[in-house]
Amino acid sequence: MSTKNSKFNSQEKPQKQKRIQLKDRRSKNYNSPTTKEEDDDLIYGRHTVQAALQSERYLNRIWIIPPLRYDPRFHTLLNEAKTRGTIIDEVDDKRLDQITQRKNHQGIAAQISPYEYKELDELISQAKSKSDRPVLLVADGINDPHNLGAIIRTGEALGIQGLIIPQRRAVGITSTVTKVAAGALENFPVARVINLSNALEQLKKEGFWIYGTVANEGEPIHTVKFTEERIKGIVLVVGSEGEGLSLLIQKNCDVLVSIPMSGSTPSLNVSVATGMAIYEIHRQHLSKNLRIEQKVEGSRYSNSKL
């Protein structure tokens, strides 16, 4: 989501915007993590590793300090991981400092296996099975793993059913993304597609409305009715950190939306702006459900007086 002077006009054929060329920083080295490249396969911190263990995600190796090895939060999970082939190494804090390059490891680190992406068809089917009005995210060229991880964490917390990212010119699911997501990825599916425009067309055929976020010339997001009965599914498309949505992706959107800005700060961080947009969708759904519940309760009360 580009957020320069951020506003989100239901302009179906938006004017040109540039597209930034991005690099996928994911490392392909899965050996002993003592170099910067190998560190790309590490996750660390108690909550992050615990979430990976609870999801039964395969971990190649775990390094843990002895007191934590027998902690009730980890003991059974570590034994189960060991039966799946994970190597458990008890080490001291100095070794963990070396492995994580002095990151805040909290006494535990793990070497992860490559992330298993969902197929788009599977992601759509899963989303529809979880909600009668599913909401999906599409990220068009996010290149900072910290931003992608923060977006995933917020999306999962607010009930988004999944994320779609492109295979090229964008960061994938790295250990940094996993760490920043703070366990959210264990319950949040991600699909990686070759052609994002084709993916949006498929989502339209599946009944989803596509909302693209732009800096200017979009409808103010709080005025957009995300809960109309005709809307059976929502896709929120956010753009890259510096350049926003490409022109081609904008043309594939049904509606463009913007976040109104009133201060002198010209822009918002992409993960912050995405979180604001997600929350507006979430807030409207909550309000609608509350009104329905109040109407039902009012009807019950009236009937009880008869």
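Start by selecting Q161, in the loop that links α7 (145-157) to β6 (163-166). A word before zooming in: this is a predicted model.

**Stop 1: Q161**

Is Q161 buried or exposed? Q161 counts as buried, because its relative accessibility is 13% and the cut-off for buried is under 20%.

Now show the side chain of Q161 and look for its polar partners. One of its polar atoms lies 2.7 Å from the backbone nitrogen of V135. Next, select G159. Its backbone oxygen lies 2.8 Å from a polar atom of the Q161 side chain.

Which residues does Q161 touch, leaving aside those up to four places away in sequence? Select L123, A127, K130, S131, P134, V135, L136 and P189.

**Stop 2: helices α6 and α9**

The crossing is right-handed. On the α6 side, show L120, D121 and I124. On the α9 side, show A199, Q202 and L203. These residues make the contact. By type, they divide into four nonpolar, one polar and one charged.

**Stop 3**

Most residues other than glycine have a negative phi. The next two selections have a positive one.

Go to R102, in the loop between α5 (93-100) and β4 (108-112). Phi of R102 is near 65°, and the residue is not a glycine. Is R102 buried or exposed? R102 is exposed, because its relative accessible area is 70% and the cut-off for exposed is over 50%.

Then select A182, in the loop between α8 (175-181) and β7 (190-193). Phi of A182 is near 55°, again a positive value in a residue other than glycine. A182 counts as buried, at 18% relative accessibility. So R102 is exposed, whereas A182 is buried.

**Stop 4: confidence**

Finish by colouring the model by pLDDT. The mean over the protein is 82, and 81% of its residues reach 70 or more. Now select residues 1-39, where the pLDDT is below 50. How many contacts does this stretch have in the model, beyond near neighbours in sequence? The number is 138.

Terms used:
Residues are numbered from 1 along each chain as its sequence is written. This is a predicted model: local features need pLDDT of at least 70, side-chain atom pairs count only at pLDDT 80 or more; totals for chains, interfaces and linings use all residues. Side-chain values use heavy atoms; hydrogens and water are left out. A crossing is left-handed if the near helix is turned anticlockwise from the far one by less than a right angle, and right-handed if clockwise. Helices (H or I, at least four residues) and strands (E, at least two) are DSSP runs, numbered from the N terminus. Contact means heavy atoms within 4.5 Å. Ala, Val, Leu, Ile, Met, Phe, Trp, Tyr, Cys and Pro count as nonpolar, Asp, Glu, Lys and Arg as charged, and the others, Gly among them, as polar. Buried means under 20% relative accessible area, exposed over 50%, partly exposed in between (1.4 Å probe, protein chains only). A polar contact is a pair of N or O atoms within 3.5 Å; within protein, one must be able to donate a hydrogen and the other to accept it, and residues adjacent in sequence count only if both atoms are side-chain atoms. pLDDT is the predictor's confidence in each residue, from 0 to 100.
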